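Subject: Structure handover

Hello,

Here is the structure I promised to pass on. Please open it beside this email and follow along.

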Amino acid sequence: MKTQAAVLAGAALLAASSTALAQKASQSAGNRKRQGQDELIEVLKKEDSPRKARVDALRVLAQVGDRACVPVVAPLLRDEELADMARYAVEPIPDPAVDEALRAVVAEAQGRPLVGAIASLGVRRDVKAVPALAAKLADADAQVAVAAAKSLGCIGTAAAAQALRDALPKTTGVAQAAVVEGLFRAAESLAALGQRPAAAEVYETLAKAAPLACAKDVAAKRAESLRKA
Amino acid sequence: MTDPVSTADGTAAKGQTRRDCLKTAALAGAAFAVPTIVPASALGRDGAVAPSERITMAGVGLGPRGQFVFDWMAVEPDVRFVAIADVQKSRREEVKARIDKKNGDQDCKTYADFEEMLATRPDIDAVLIATGDRWHAQAAIRAMRLGKDVYSEKPSSMTVAEGRAVVDAAKRYGRIYQTGTQRLSEGPFRTIIELARSGKLGKVHTVRAHIAPWDSADLSHAWLPEEPQPPQDEVNWDAWLGGCPWRPFNSGYIKGGWRGHYDFHTSCIGEWGAHTFAQGQAGIDALDTSAIEYSYVKNVSGDGMETAFASGVKMILQREGWRGSCGMTFEGDEGSASCADGYEKPDVSSPALMAEGEKLLAEYVEKTGRPMNHVRDFFDCVKSRRWTVANPEVMHRTMTTVHAANVCMWLKRDVHFDPVREEFVGDAEANRFLTRAQRAPWII
């Protein structure tokens, strides 16, 4: 297709100039960090900082924060009022310290902070979280089980997919719908990694046991396509 | 891997029948009420459409715009609304009265929780979503996962990641989705799109796209003053916020004052760009990609921002230049064509182009079978399972151009986007805007 060819040509041009662009962008980000992060951390450390000031600090950290802010933000991941904004701040920070902090929340927290931490681990595709998330698939809190299913799907390893396949016949209602969603995500991840037989197996599970006919039909077609490839 | 539906222009007419998803039990297993006395019209007699051909609809968050679209949809003979979900009680009751008046009964059911409605009503084929912008993708994704087709008001997403999630949901569940970018189905706009696509303007080098002239790209993070929160049954504030960061209640938000706030709006660029970028990208056959270069302009709105596609075509954002709203101009090396709301016919650079345009429009309708009626296109596609003119991929790609233009304005510098990887090129700072952590438990 004409447009696709043009896109690929453009992407090649962009790749050629990406080093220079990365340097320029990095300098800009670096300046903002130097100017902002220490000040933002101080706002969070001050016990008398108003909620709005803390929220604003966490919002900006989502743009400029790095590993240095994680020790200060991590305790807020359990805070009923600020847990979501704490995740907002650290979820995009590409540092393993964030994953460790989120996994600690999953081990200890309940309710919305727990649901949020599970979701963020999925967004970050934290493979180390798979055992803990698999255990949450049977959680009595439906929102926890739903979040775990979606996140396991995002992580999309063979172990994550197996946990979801095991959970499919044991769940009902919204939890089962989340497991279906997780299985689609996992199958797509496996296929993208070149693990076609494993992906096809996941789709075949969906084709047999998904509660909606439309999901079964798509899964069956995708399984067939993978088996033929 | 091939998907049952996968092309940007929706020409792959495969998939399931709309009733396929109803063959198995509803997720929550709840039966829906059957009226004791069934009027003849409901059974397809008296010239009415038979139930097997009828598309059963529900509304989600229908304010003034949503009620306008409801009125537009409700005149279609094969469409019947049976339920409304809204977090605001007054809106639920207002829309129920409207639906009941149209149906001539009192049967429209109301729901405070739209997911409960979707999970317990296997009779509902499709939903009209007209919430505030923050909920468009969130509601559409949830509805498609529960087997419903979706007509959603624009914009289709708040972030690049959210837009991709809408595409994924439509493909995973084989659902039909249309965004309310209705100018893609209006004769004058479609005429200039086809003039550009056909080469009648020569090689198109520049597209001019209207952005809303009353607002700013510089969105607010301020909170409106806190007011006493109403009882949950009147306004479920937690659900109204959904995945957005918490803030205290203020009645201004629920009366439309959410616009201009970063958490809820896509700025003056998204306000009209959701329409005009789609029109522009349709005219240059760029519905499966996004602009790759964005040049920062030192003003509050992005007026004059120049974007460029990999093909070399420029798209320039403008606050002025037309006699109506949502204007669009294509400039080629052999001619130009322009249109905006209120134009009976497009402005073209030569009289001959008008005749060519009329011919091209007729050919487009004949070749594609698409009506010049956006909601009818949706209903036709619900039945045929062909993707709509404003399908998820089209809207994701055009909204990606919107989002990247906003990021350019927020960072106050040029940015470069890779439409294949769907990320900014070597730009960690800009890439932090690709997604936003969602508030628990409103996580897709």
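Predicted model: local features only at pLDDT ≥ 70, side-chain atom pairs only at ≥ 80, totals over all residues.

**Chain A**

Start with the secondary structure of chain A. It comes to 13 helices and zero strands. Chain A has 229 residues, and 49% of them count as buried. Now take the contacts in chain A between residues at least 6 apart in sequence. Of these, 59% join residues at least 24 apart.

**The sheet in chain B**

Chain B has an open sheet of six strands. Their order is S3-S2-S1-S4-S5-S6, and the pairing is parallel. Which strands stand at the edges? They are S3 (109-111) and S6 (177-179) of chain B. Each has a single partner strand, so one side of each is left without a neighbour in the sheet. On average, neighbouring strands of this sheet are turned by 25° against each other, direction ignored.

Strand S2 (residues 79-85) of chain B is joined to S3(B) by three bridges, and the two run parallel. There, B:Lys109 in S3(B) has B:Ala83 opposite.

Next, find H6 (residues 187-198) and H10 (residues 351-368) of chain B. Their axes come within 8 Å and cross at roughly 100°. That makes H6(B) roughly perpendicular to H10(B), because angles of 65 to 115 degrees count that way. Residues of H6(B) that meet H10(B) include B:Arg190, B:Glu194 and B:Leu195. On the H10(B) side, B:Leu353, B:Glu356 and B:Tyr364 are among them. By class, this contact has five nonpolar, four polar and three charged residues.

**The nonpolar cores**

In soluble globular proteins, nonpolar side chains tend to be buried together. Here, the largest nonpolar core has 133 residues. Which residues have the most contacts inside it? They are A:Ile118, A:Ala149, A:Leu164, A:Leu183 and B:Leu128. Helix H11 (residues 173-192) of chain A gives the largest share of this core, twelve residues.

Zoom in on B:Leu128. Leaving out residues up to four places away in sequence, B:Leu128 touches several residues, including B:Met57, B:Val60, B:Phe70 and B:Tyr151.

A second core is separate and has 62 residues. B:Phe189, B:Trp272, B:Met395 and B:Phe433 are among them.

Best wishes

Conventions:
Residues numbered from 1 in each chain as written. Chains lettered and ligands numbered in written order. Axes fitted to C-alpha atoms, helices over the stretch in contact; angles between N-to-C directions. Helix = DSSP H or I, 4+ residues; strand = E, 2+ residues; numbered from the N terminus. Parallel < 35°, antiparallel > 145°, perpendicular 65-115°, else oblique. Contact = placed C-beta atoms within 7 Å. Nonpolar A, V, L, I, M, F, W, Y, C, P; charged D, E, K, R; others polar. Core = buried A, V, L, I, M, F, W, Y, C linked by C-beta atoms within 7 Å. Buried ≥ 20, exposed ≤ 12 C-beta atoms within 10 Å, placed from the backbone. Pairing = 2+ DSSP bridges.
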